[in-house]
Amino acid sequence: MSEANLQTPVKPIKIIAAACNNNGIGLKGHLPWDLPKEFKYLLASITTVKQPGKKNLIVWGRQSFESFDEKLLPLENTIIVLLSRALREVPKFAHYICRNEEEVVTLVSAPPLSDEIETIWVLGGVECYINMIRHPWCNHIYFTKIMADFECDIFFPDFDKDVFKLKEEYPGVPSGIQEEKGVKYIFQVYEKDQQKQSQ
Ligand SMILES: NC(=O)c1ccc[n+]([C@@H]2O[C@H](COP(=O)([O-])OP(=O)(O)OC[C@H]3O[C@@H](n4cnc5c(N)ncnc54)[C@H](OP(=O)(O)O)[C@@H]3O)[C@@H](O)[C@H]2O)c1
């Protein structure tokens, strides 16, 4: 973390993911399940801003962005940053390309985004989950625990449950077991214990 970044106002970084019994999150480049209400919860979370006029920054690995239904874009109240080492041009509906997570933090630390952005939502894939969970600005992991088995080839990374503590209830997050198409799931929120920090 550079000195410049430590001096800038902190933007909360929130991770959001849905994972099934074996922590699987994807299969062959797509979601392994079709759970429209769960998906609506994701969309509502990332497009909600508390302060009028503000926006959220969405951080996406290139493949996760490409597998997102283009018909749902653009997303209201959002600015999209793609992580890519290969892309040379910003694709339709995205706003910026960053080469790594530190570039994202640098981007949001300077005008115009330092004034405009309220929250940074990290939507995966795995590499940016791993790197952003470790970032000092990361304070929450929104984790839909899908209580079912699905074939997956990609998995949510382990994280330190001593640092991120599961909250029984969280404001604005539906509590209790949800059910859709015979699949049960729970919307969970892990909150960082501010006394601790992942290594
Ligand atoms: N269940 C969920 O909540 C959830 C959420 C997100 C994704 N998914 C699933 O996960 C799978 C996609 O995730 P993935 O991990 O395989 O791919 P990904 O991270 O979405 O995309 C991989 C590509 O993104 C770029 N990239 C990723 N991290 C980077 C970094 N730190 N710095 C620079 N560039 C970076 C690279 O692009 P270039 O090749 O262009 O350099 C890399 O090849 C899909 O199956 C998707 O459906 C599930």
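# Briefing: ligand site, pockets and backbone features

A backbone N or O atom of Val-126 lies 2.9 Å from an oxygen atom of the ligand, a polar contact (a pair of N or O atoms within 3.5 Å; within protein, one must be able to donate a hydrogen and the other to accept it, and residues adjacent in sequence count only if both atoms are side-chain atoms). The model is predicted, so local features need pLDDT of at least 70 and side-chain atom pairs count only at pLDDT 80 or more, while totals for chains, interfaces and linings use all residues. Residues are numbered from 1 along each chain as its sequence is written, and side-chain values use heavy atoms, without hydrogens and water.

**Ligand surroundings**

- The ligand is surrounded by 28 residues, each with a heavy atom within 4 Å of it.
- Arg-62, Ser-64, Ser-84, Arg-85 and Glu-101 are the closest of these residues.
- Ser-64 places a polar side-chain atom 2.6 Å from an oxygen atom of the ligand.
- His-30 contributes a polar backbone atom, 3.1 Å from an oxygen atom of the ligand.

**Largest pocket**

- The largest pocket has a volume of about 1,200 Å³.
- A pocket is an open set of points on a 1 Å grid over the protein atoms alone, where a 1.4 Å probe fits, with protein on both sides within 12 Å along at least five of seven lines; lining residues have an atom within 4 Å of a point.
- The volume is the space filled by probe spheres set on the points, which are joined across faces, edges and corners.
- The lining of the largest pocket comprises 44 residues, and Ser-64, Ser-67, Leu-123, Gly-124 and Gly-125 are the closest to the pocket centre.
- Two or more lining residues come from each of strand S1 (13-19), strand S2 (24-26), helix H2 (36-47), strand S3 (55-61), helix H3 (62-66) and helix H6 (126-133).
- Helices (H or I, at least four residues) and strands (E, at least two) are DSSP runs, numbered from the N terminus.
- Helix H2 gives the most to this lining, with 5 residues.
- The lining of the largest pocket divides into 22 nonpolar, 12 polar and 10 charged residues, where Ala, Val, Leu, Ile, Met, Phe, Trp, Tyr, Cys and Pro count as nonpolar, Asp, Glu, Lys and Arg as charged, and the others, Gly among them, as polar.

**Second largest pocket**

- The second largest pocket holds about 440 Å³ of space.
- Its lining has 16 residues, with Ser-45, Thr-48, Lys-50, Trp-121 and Tyr-142 nearest the centre.
- H2 and strand S6 (117-122) each give at least two residues to the lining of the second largest pocket.
- That lining contains 9 nonpolar, 4 polar and 3 charged residues.

**Helix H4**

- Helix H4 covers residues 101-108, and Glu-101, Val-104, Val-105 and Val-108 in it are buried (under 20% relative accessible area; exposed is over 50% and partly exposed in between, with a 1.4 Å probe and protein chains only).
- These buried residues line one face of H4, because they fall within an arc of 95° when seen down the helix axis; the arc is that of the directions from the axis to the C-beta atoms.
- Thr-106 is also in H4 and counts as partly exposed, because its relative accessibility is 44%.
- The N-terminal end of H4 is capped by Asn-100, which has a side-chain oxygen 3.2 Å from the backbone nitrogen of Glu-102.

**Cis peptide bonds**

- Pro-111 and Pro-112 are joined by a cis peptide bond with omega near 5°.
- Pro-112 sits in the loop between H4 and helix H5 (113-116).
- The bond between Gly-124 and Gly-125 is also cis, with omega about 5°, and Gly-125 is in the loop between S6 and H6.

- Phe-93 has a positive phi, near 80°, although it is a residue other than glycine.
- Phe-93 lies in the loop between S4 and strand S5 (96-98) and counts as partly exposed at 22% relative accessibility.
- Lys-181, not a glycine, has a positive phi of about 50°.
- Lys-181 is placed in the loop between strand S10 (177-180) and strand S11 (183-192), and its relative accessibility of 56% makes it exposed.

**Asp-69**

- Asp-69 is in the loop between H3 and strand S4 (78-83), partly exposed at 35% relative accessibility.
- A polar side-chain atom of Asp-69 lies 3.0 Å from the backbone nitrogen of Lys-71.
- Asp-69 and Tyr-142 are 73 residues apart in sequence, and 21 Å separates their C-alpha atoms.
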